[in-house]
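User: I'm new to this one. Could you walk me through it slowly?

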Amino acid sequence: MWGADLLSIEGGEGCKTREKKGELEEEWARRKVDKRCVVIGVGGGALLDLVGFTAATFLRGVPLIYVPTTLVALVDGSIGGKNGVNAPWGKNQIGTIYFPDAVVADREAILPLSPAGRRDGLAEMWKMGLVWDERLLGVDESECLEAAAAKIEVLQHDPYEKGLRRILNFGHTVGHALEAVSGYGISHGEAVAIGAVTEAKLSVEKGLLASAEWEKIRQVYRRLPMGLPPSYRREAAIEAIGRDKKGAFRFVLLEKIGKAAPFGGAYCTEVRGEALERALDWMEGEFGALDH
Ligand SMILES: NC(=O)c1ccc[n+]([C@@H]2O[C@H](COP(=O)([O-])OP(=O)(O)OC[C@H]3O[C@@H](n4cnc5c(N)ncnc54)[C@H](O)[C@@H]3O)[C@@H](O)[C@H]2O)c1
């Protein structure tokens with residue numbers, strides 16, 4: 001017999017905890033969720049991360065569908081199978097890769113966009129323009145399904161991040177460091193947006209990307225409101241970069257707009273020293289603190 005059972009959860013970053021996952025498991029057990037059920041997660045990226053992780057481990061995996069309701073969740077969070085919760089020692093520290101059986105990506109299901117939600121979503125869409133399909137650089141939210149399709153294309157080549165999928169991490173080495181030094185006071189999208197332009201600059205410093213291409217990237221990203229967190233300090237950021245990548249200073253770099261440098265199939269490389277310092281000099285000059 002078919003039936004549907006509704007459970008409301010408060011979304012946002014605060015729902016991505018081990019405690020909330022435990023509560024959800026107990027609720028599912030009470031409601032007798034089993035492998036004949038389909039769990040349908042409807043919400044933003046944070047809620048989908050929680051529901052996806054719980055679905056992945058409950059009875060060692062129950063059927064799962066995502067219905068993203070924010071731009072970030074539609075173009076990024078619902079695609080690719082990564083899920084997880086935060087831990088006191090860092091973001092997304094506990095999780096799995098577990099692919100949903102379906103994603104209902106409906107532009108009409110997206111909540112009215114706040115300026116921050118729009119920026120965060122566009123930053124992820126434009127990132128796809130930088131590493132994969134140049135046509136996506138600078139587009140607006142009306143092209144969200146195209147951006148989602150671009151991410152799926154990359155995943156079809158490399159679902160488990162053995163090589164090519166790493167290009168999706170462009171902007172994230174600097175971005176994660178900014179999130180960490182701000183105590184997660186800056187949104188992931190804003191951090192990755194700053195990280196993307198800075199890592200594009202690093203690509204110039206390494207002699208991979210032409211200055212004219214980088215200038216174009218910089219002009220496009222200037223349309224987004226971005227600023228370094230007031231707590232930003234260079235030394236702490238460099239330390240966070242090393243910590244994030246377990247001591248390595250690993251970056252995805254660009255060869256041109258729409259193409260990440262392949263580095264023999266690794267799609268990332270070690271960069272430290274002067275080139276990194278020069279890119280950070282530029283970042284600090286460009287993105288002086290914004291009041292968050
Ligand atoms: N797993 C992945 O691959 C992946 C990729 C990108 C981002 N993420 C994660 O996604 C999160 C950011 O996602 P986001 O930008 O969507 O922010 P979010 O999930 O925090 O949602 C933003 C706000 O919108 C509200 N909201 C969303 N949908 C709603 C609905 N249907 N009804 C009422 N309120 C609703 C949320 O409660 C929250 O306050 C981060 O935790 C990030 O780590 C994961």
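User: Which residues line the largest cavity?

Analyst: On a 1 Å grid over the protein atoms alone, a cavity is a set of points where a 1.4 Å probe fits but cannot get out, and lining residues have an atom within 4 Å of a point. By that rule, the lining of the largest cavity is Val-75, Asp-76, Glu-124, Met-125, Lys-127, Met-128, Ala-147, Lys-151 and Leu-168.

User: Before we go on, what pLDDT do side-chain atom pairs need in this model?

Analyst: Residues are numbered from 1 along each chain as its sequence is written, and side-chain values use heavy atoms, with hydrogens and water left out. This is a predicted model, where totals for chains, interfaces and linings use all residues, local features need pLDDT of at least 70, and side-chain atom pairs count only at pLDDT 80 or more.

User: Back to the cavity: which element gives the largest share of its lining?

Analyst: Helices here are DSSP runs of H or I with at least four residues, strands are runs of E with at least two, and both are numbered from the N terminus. Helix H3 (71-77), helix H4 (115-131) and helix H5 (144-157) each give two or more residues to the lining of the largest cavity. The largest share, four residues, comes from H4.

User: How much space lies in the largest cavity?

Analyst: Searching the whole structure turns up one cavity of 30 Å³ or more. A volume is the space filled by probe spheres set on the grid points, which are joined across faces, edges and corners. For the largest cavity, that comes to about 40 Å³.

User: How much space does the second largest pocket hold?

Analyst: A pocket is an open set of grid points with protein on both sides within 12 Å along at least five of seven lines. In the second largest pocket, 24 residues do the lining, and Ala-4, Asp-5, Cys-37, Val-38 and Val-39 are the closest to its centre. The space in it is about 940 Å³.

User: Which element supplies the largest share of that pocket's lining?

Analyst: Two or more lining residues come from each of helix H1 (18-30), strand S1 (39-43) and helix H2 (45-57). With four residues, the largest share belongs to S1.

User: What is the bridge partner of Ile-65 in S5?

Analyst: Strand S2 (residues 64-68) runs parallel to S5, and two bridges join them. In S5, the partner of Ile-65 is Ala-102.

User: And in S4, what is the bridge partner of Val-85?

Analyst: Strand S3 (residues 85-87) and strand S4 (residues 90-94) pair in the antiparallel sense over two bridges. A hairpin of two residues links S3 to S4. Val-85 has as its partner in S4 Ile-94.

User: At what angle do the axes of H7 and H8 cross?

Analyst: Axes are lines fitted to C-alpha atoms, for helices over the stretch in contact, and angles run from 0 to 180 degrees between N-to-C directions. The axes of helix H7 (residues 188-205) and helix H8 (residues 211-221) come within 9 Å, and they cross at roughly 170 degrees.

Note on methods:
Pairing = 2+ DSSP bridges.
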